[in-house]
Amino acid sequence: MASNSGIRIPSRLPLLLTHEGVLLPGSTMRISVDTARNMQLVKSRLLKGTSLKSTIIGVIPNTRDPEHEAEDLPTLHSIGVAGLAVQVVGSNWPKPHYTLLITGLCRLRVTQLLKERPFPVAEVEQLDKLEQYTSADADAAAADAASADSADTAGELGELSQRFYQTAVQLVGMLDMSVPVVAKLRRLLDSLPRETLPDVITAMIRTSNQEKLQVLDAVGLEERFRRTLPLLTRQIEGLKLLQKTRKPRPDDDKRVLAVRRGGVFPGRQFSLEDEGEEEGGDDTAVLERKVRLANMPEPALRVCLKELKRLKKMPQSMPEFALTRNYLELMVELPWSKSTTDCLDIRAARVLLDSDHYAMEKLKRRVLEYLAVRQLKRALKGPILCFVGPPGVGKTSVGRSIARTLGREFHRIALGGVCDQSDIRGHRRTYVGSMPGRIINGLKTVGVNNPVFLLDEVDKLGKSLQGDPAAALLEVLDPEQNHSFTDHYLNVAFDLSQVLFIATANTTATIPPALLDRMEVLQVPGYTQEEKVEIAHRHLIPQQLEQHGLTPQQLQIPQHTTQDIISRYTREAGVRSLERKIGAVCRAVAVKVAEGHKVCKPESPPPERAPSAGEAGERVGRGEESLDGSTELALPPEMPIVIDRHALRDILGLPLFEMEVSERLTLPGVAIGLAWTPLGGEIMFVEASRMEGEGQLTLTGQLGDVMKESAQLAISWLRSNAKKYQLTNPGGGADPLEGTDIHLHFPAGAVTKDGPSAGVTMVTCLASLFSGRLVRSDVAMTGEITLRGLVLPVGGIKDKVLAAHRAGLKRVVLPKRNEKDLEEIPAHVRAELDFVTASSLDQVLNAAFDGGFPAVSPAIGQPQVTSKL
Ligand code: ADP
């Protein structure tokens with residue numbers, strides 16, 4: 001439709017060829033210019049020209065990629081838009097280019113190409129009427145439009161334009177009127193001539209370049225209305241759909257309007273875009289979708305939506321943007337309602353626990369009881385199990401098995417050394433570098449809300465100025481509170497009631513009492529030598545072989561070698577060192593196997609060892625001399641390498657521990673006590689000596705107050721009974737302390753010791769010193785004493801007895817009231833030890849000295865021996 005009225009554009013125009021985006025009359029567009037022809041145009045026309053006319057250029061859309069424009073001009077699209085260059089920005093980076101801001105004025109048709117170089121110039125024909133946009137003229141334009149309307153009312157065009165106008169009004173009505181841009185657009189709809197509406201609206205709504213091109217090509221007004229009407233309806237449908245999915249936030253769907261660019265004509269500078277068209281917005285939209293899909297409880301969702309709202313308003317460059325995003329991402333990742341289904345079958349659980357762990361019957365029984373109750377009650381509220389025992393006795397490993405039997409995820413939270421409560425409960429988000437606590441982090445890691453959490457080493461929690469982590473743990477563990485555990489970082493409650501907590505510790509002594517109160521303590525004692533051998537052969541050796549890529553056909557460790565490793569290379573209650581030593585053996589053998597299994601085969605078995613039937617002749621590393629010697633042979637590859645004592649010495653070095661008990665008891669004034677440490681039981685030599693002096697007692701070996709008092713008690717009791725036991729001082733006087741100083745020492749001086757249980761040992765040791773008689777070298781003892789010579793019960797009997805058994809002792813003296821504890825001791829250990837239960841010191845001394853200790857009173861007979869239980 002050619003127009004004779006209004007402003008006329010020049011009939012000759014330079015042409016800007018674009019290959020992306022379509023400029024429509026009434027819209028503004030940013031065009032990047034970097035091709036030779038276009039650059040020339042900008043340089044010589046836009047930058048040099050001074051008149052308004054020089055800023056008008058023809059913009060021809062959809063030219064094939066001008067990058068590849070050769071000498072010849074590509075075929076031009078015949079219809080373009082006369083554009084007004086509003087802004088030109090040049091830049092040299094990454095390569096020289098200009099960015100033009102161009103506002104479309106009206107359609108034009110290229111009638112004749114006048115020149116091609118340095119940039120195309122063409123004769124053009126103006127196709128649209130161009131109104132002058134001044135406020136005075138706006139009314140005239142409106143009147144003009146109205147008169148045009150009235151002229152066409154009967155025609156189809158009038159109907160179409162009316163329909164288009166109404167649809168556009170409907171679209172704008174769906175947007176948030178409180179946004180100033182929308183309000184302005186609404187006003188513009190009424191003031192703009194109707195025939196400009198298709199172009200203006202098409203540029204604003206979501207349309208593809210192809211669709212825009214079709215609208216551009218629609219020179220006839222009627223056709224233009226017909227083409228744009230479906231696009232408008234499509235946008236409305238899209239908006240409706242969006243509104244439906246976002247019901248909870250009515251103000252959200254109004255946000256689809258975003259200001260994109262400025263323009264010369266007031267009211268022609270907007271663009272309607274769905275949220276998410278731009279990259280940053282896209283991310284936020286994805287995040288929002290995730291938030292809605294995360295299935296979080298109402299309060300958490302509310303907080304997330306609030307944060308999202310803030311996020312949308314924030315510029316991306318703001319540091320808080322990243323913080324808020326991280327927060328929202330964590331919220332989305334948390335397993336608010338994701339859980340695994342428990343598949344608890346007590347019979348299967350029993351089989352699994354038995355197959356994973358040898359021995360530890362009591363613990364396994366209690367764990368099964370616990371699981372059975374859970375199965376019946378289908379609820380978790382119950383005590384938190386706390387496994388207490390020395391390192392390496394399988395506490396963690398039982399926890400892992402429990403998770404497996406339940407079919408739950410397992411996560412270990414190491415608490416050793418944690419002394420800041422934010423470690424448990426997170427930092428508030430106001431802090432730089434704030435992050436959630438270990439509980440929430442753990443949940444994020446496992447991805448379900450009902451894992452088994454192993455709180456490892458609760459006894460090693462520290463305390464500091466940053467608050468008490470134990471107090472924070474209380475909230476986590478308390479079934480009455482933990483359904484709304486609030487991490488400081490999250491700042492909303494998370495339900496921990498489905499999490500199964502298990503704690504482990506080496507000792508209950510340092511567990512904060514309030515925490516201990518919430519837990520049911522299950523003691524996991526150390527293993528006997530025999531149990532260790534079994535564990536090694538059933539579990540550790542197969543595991544280590546697998547870890548080192550070896551097979552039983554390549555490496556065999558006979559039982560007596562394992563025993564050697566246990567007694568000569570390790571001294572521990574658990575099996576962790578044993579596992580490491582077996583690992584060392586495997587590594588050494590792996591080298592041999594990888595080297596081609598060149599091992600020696602001695603002609604005769606070594607004299608110091610009687611080989612068992614299965615291993616005769618098969619050995620490795622018979623010392624350096626045999627490896628280098630002439631007897632060296634290459635065994636066939638299928639021959640297993642069998643580790644014997646010599647191979648062991650080669651691989652692990654000289655034995656670290658030797659039996660030293662009998663050597664040390666060759667002088668009067670030495671006795672063996674039994675001590676309990678968090679690492680298991682230990683035997684302890686107590687030494688005493690006396691010298692001329694003034695009756696002073698010196699105690700060394702880092703003793704605590706209780707032990708020092710025990711020493712005083714022992715001396716007092718012996719002095720008061722010196723006559724009865726014929727104890728004398730070196731000069732033969734009746735008071736053993738007269739003119740004498742006493743020194744009592746507890747070896748392993750670097751280790752702090754305390755507790756009352758060394759009382760009987762001190763008495764025995766001093767009795768030996770004062771009487772000059774030797775204590776039996778195969779007796780160990782434990783028990784608290786009183787001033788009147790009674791023996792009181794003590795703790796840790798099982799570990800202590802096992803330590804005595806490990807050390808090869810034969811008789812153990814215990815307080816009478818500890819007799820019941822003997823039941824816990826494995827039968828074969830009991831069978832190999834004599835147990836003397838004593839209620840008074842007389843009985844202890846009688847058991848400790850060969851032939852008894854001289855007792856004046858005939859009433860006190862031989863100690864009651866309950867050996868071979
Ligand atoms: P803890 O947690 O008590 O310090 P771990 O559970 O880490 O000890 O155990 C150390 C190693 O010893 C693990 O490889 C474990 O499988 C093994 N272990 C300990 N006790 C047993 C047992 N009774 N049966 C089988 N393996 C065991």
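Predicted model: local features only at pLDDT ≥ 70, side-chain atom pairs only at ≥ 80, totals over all residues.
Local features need pLDDT of at least 70 and side-chain atom pairs count only at pLDDT 80 or more, while totals for chains, interfaces and linings use all residues. Residues are numbered from 1 along each chain as its sequence is written, and side-chain values use heavy atoms, with hydrogens and water left out.

The ligand is surrounded by 18 residues, each with a heavy atom within 4 Å of it. The closest are Tyr 358, Gly 392, Lys 395, Thr 396 and Arg 576. By class, this shell has eight nonpolar, six polar and four charged residues; Asp, Glu, Lys and Arg count as charged, Ala, Val, Leu, Ile, Met, Phe, Trp, Tyr, Cys and Pro as nonpolar, and the others, Gly among them, as polar.

Oxygen atoms of the ligand lie 2.4 Å from a polar side-chain atom of Thr 396, 2.8 Å from one of Lys 395 and 3.3 Å from a backbone N or O atom of Val 393. The protein covers 89% of the 560 Å² of accessible area that the ligand has on its own (Shrake-Rupley method, 1.4 Å probe). Helix 13 (395–406), helix 18 (529–547) and helix 20 (576–595) are the elements that give two or more residues to the shell; helices are DSSP runs of H or I with at least four residues, and strands are runs of E with at least two, numbered from the N terminus.

Elsewhere, the structure holds five aromatic pairs, that is, rings of Phe, Tyr and Trp (its six-membered ring) with centres within 6.5 Å. One of them joins Trp 336 and Phe 494, at 4.8 Å centre to centre and 40° between the planes. This pair is tilted, since planes under 30 degrees apart count as stacked and over 60 as edge-to-face. Trp 336 lies in the loop between helix 10 (319–333) and helix 11 (346–356) and Phe 494 in strand 13 (residues 493–494), so the pair ties together parts 158 residues apart in sequence.

Conventions: Polar contact = N/O pair within 3.5 Å; in protein donor to acceptor, adjacent residues only side chain to side chain.
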